[in-house]
Amino acid sequence: MLVQVESAVGLDDLPAIAATAGVDGVFFGPADLAASMGLLGKSADARVQDAIAQGIKTVLSAGKAAGVLSADPSVARQYLAAGARFVAVGIDTTLLVRAARDLRALFKDA
């Protein structure tokens, strides 16, 4: 079972969350975490990234899997380097918009 941590309060409780029997891993939600840290819309802020990197270490030290969402390839690689075992690298709406733009480009002159 995976649980999500998307708030500063969740990060504070992370050692207990990660130690909970039946919890196999923790998935971090950067956007909501940033908002709870007073950094609305700034999920790429270094303070958010550092908090998640620390969270990954905490989860791994409990012997559990850590994961996170990042549509930014360089940030995704940083989380993988920090020990994340899974990183969601696409967001459904972003992928849909990109595909629609590609199709529009194919038929722009038609």
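Biologist: Where is the place of Lys108?

Modeller: Lys108 sits in the segment after helix 6 (92-107). Helices are DSSP runs (H or I) of at least four residues, strands (E) of at least two, numbered from the N terminus. This is a predicted model: local features need pLDDT of at least 70, side-chain atom pairs count only at pLDDT 80 or more, and totals for chains, interfaces and linings use all residues. Residues are numbered from 1 along each chain as its sequence is written, and side-chain values use heavy atoms, with hydrogens and water left out.

Biologist: Is Lys108 buried or exposed?

Modeller: Lys108 counts as exposed because its relative accessibility is 67%. Buried means under 20% relative accessible area, exposed over 50%, partly exposed in between (1.4 Å probe, protein chains only).

Biologist: New topic. Which residues form the aromatic pair?

Modeller: Phe27 and Phe86. They are stacked, 6.0 Å centre to centre with 10° between the planes. Ring centres must lie within 6.5 Å; planes under 30 degrees apart count as stacked, over 60 as edge-to-face and the rest as tilted.

Biologist: Where do the two sit in the chain?

Modeller: Phe27 is in strand 2 (residues 25-28) and Phe86 in strand 4 (residues 86-88), 59 residues apart. Phe27 is buried at 18% relative accessibility. Phe86 is partly exposed at 26%.

Biologist: How many salt bridges in the whole structure?

Modeller: One. Asp45 and Arg47 form a salt bridge at 2.9 Å, N to O. The cut-off is a side-chain nitrogen of Lys or Arg within 4 Å of a carboxyl oxygen of Asp or Glu. Asp45 counts as buried, at 18% relative accessibility.
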